[in-house]
Amino acid sequence: MTRMHIAVLAGDGIGPEVTAQAVKALRALAANGPQFEFSAAPVGDAAYDTVGDPLPEATATLAERADAVLFGAAGTYESDLRPPEARGGHALLRLRKRMDLFANFRPVFAFPELLGASTLRREVIEGVDLIVLRELTGDIYFGQPRGVRVENAERVGINTMRYTEGEIRRVARAGFEAARGRRKKLCSVDKANVLETSALWREVVTEVARDYPDVELTHQYVDAASMMLIRRPRDFDVIVTGNIFGDILSDAAAMLTGSIGMLPSASLNAAGQGLYEPVHGSAPDIAGKDIANPLASILSAAMMLRHSLKQPALAARMEQAVRRVLAAGLRTADIMEPGAMLVGTEAMGDAVARELSAMAD
Ligand code: IPM
Ligand code: MG
């Protein structure tokens, strides 16, 4: 079997400890199966503090050449206050842009075992199975002009919301394709009642819809969509939206699963290259304490197996292993419930790896 090369960019905060569990799970899976070759490289504050650049050239090149990138987290609260080029979190934005990873899939699945861990009522979240598809390389995140300058003796902060029709079209297509493989419902989220960018977004998505008559397209304003996500989350199948709206909606949607510690993601480009990362970020307040939930990272590795490494059976096996440890009652602190067994990051990773070894053929 061919060797698959995985770039491991563990980064900051809880990034290294959760990523280590995903690597452990991949190794357990590979015992008798495919061969993985892991190459680690520094990113984020960890890289800035040693080589003065949150995304060193060698790291970016490694990521570009790998079959897939397993990413932990980048940035900390302290570095968020530095100028952009010195912020660990900036590495992620640069890598997304450089690899043109425009399609960010954030699947939100309410595990039956975790219905009690959400702050929302069981009957609201039961059966939730949706994807937030967030455009990841455009919008106010990257638009020019930007900056802070002085006008009429006071400081003015400026950012630019901007989308070309080509950028909208390609992510819309990705959304229709994803919906086609699921329940065939696509909800496009914008703010077309106020923003020109959004008016264009809506127009282009509607044009693309002509090629997908089998998919039901609806449009929602982002404020209404955020309410509907909490009120009737089961109504959603695939949500396609811009970078900033997707950033916000995906954190809210995470709570439908009980914890942001459960949410994986895949960021893909047109060539099928992918970067896989848990949605939760670096969470420096709980770093190094062995309490972070590694399941989002492990589920991200499952997405990597499915999308970049073309190993759907192994992806399913990895997801199955996660289901089994949850069914066995193991919980990290963020998803703890009365009667369950509290475990740390490492022990949760060990449990998943054990299930995978048991399943290996
Ligand atoms: C995310 C994060 C990032 C973003 C930060 C860390 C730059 O919040 O991936 O959702 O805003 O995109
Ligand atoms: Mg975010």
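Student: What makes the meeting of the R323 and E113 side chains a salt bridge?

Tutor: Keep in mind that this is a predicted model. The N to O distance for R323 and E113 is 3.3 Å. The cut-off is within 4 Å, for a side-chain nitrogen of Lys or Arg and a carboxyl oxygen of Asp or Glu. So 3.3 Å passes, and the pair counts as a salt bridge.

Student: Why would such side chains pair up at all?

Tutor: Because opposite charges can pair when the charged atoms come close.

Student: How do you know that R323 and E113 link distant parts of the chain?

Tutor: Look at where they sit: R323 is in helix α11 (residues 312-327), while E113 is in the loop between β4 (103-109) and α5 (122-125). They are 210 residues apart.

Student: Why is R323 called partly exposed?

Tutor: Its relative accessibility is 27%. Buried means under 20% and exposed means over 50%, so a value in between is partly exposed. E113, with 22%, gets that label too, because 22% also falls between those limits.

Student: What about R182 and D237: what makes them a salt bridge?

Tutor: Their closest N and O atoms are 2.7 Å apart.

Student: Is D237 buried or exposed, and how do you know?

Tutor: D237 has a relative accessible area of 2%. Buried means under 20%, so D237 is buried.

Student: Now for strands. Why is β1 described as largely enclosed?

Tutor: Eight of the nine residues in strand β1 (residues 3-11) are buried, so the rest of the structure largely encloses it.

Student: And how do you know that β1 pairs with β2?

Tutor: Count the bridges: six join β1 and strand β2 (residues 35-40), in the parallel sense. Pairing takes at least two, so they pair. A7 stands opposite S39 in β2. β1 also runs parallel to β3, with five bridges between them, and there V8 has L70 as its bridge partner.

Definitions and conventions: Residues are numbered from 1 along each chain as its sequence is written. Chains are lettered from A and ligands numbered from 1 in the order in which they are written. This is a predicted model: local features need pLDDT of at least 70, side-chain atom pairs count only at pLDDT 80 or more; totals for chains, interfaces and linings use all residues. Side-chain values use heavy atoms; hydrogens and water are left out. Helices (H or I, at least four residues) and strands (E, at least two) are DSSP runs, numbered from the N terminus. Buried means under 20% relative accessible area, exposed over 50%, partly exposed in between (1.4 Å probe, protein chains only).
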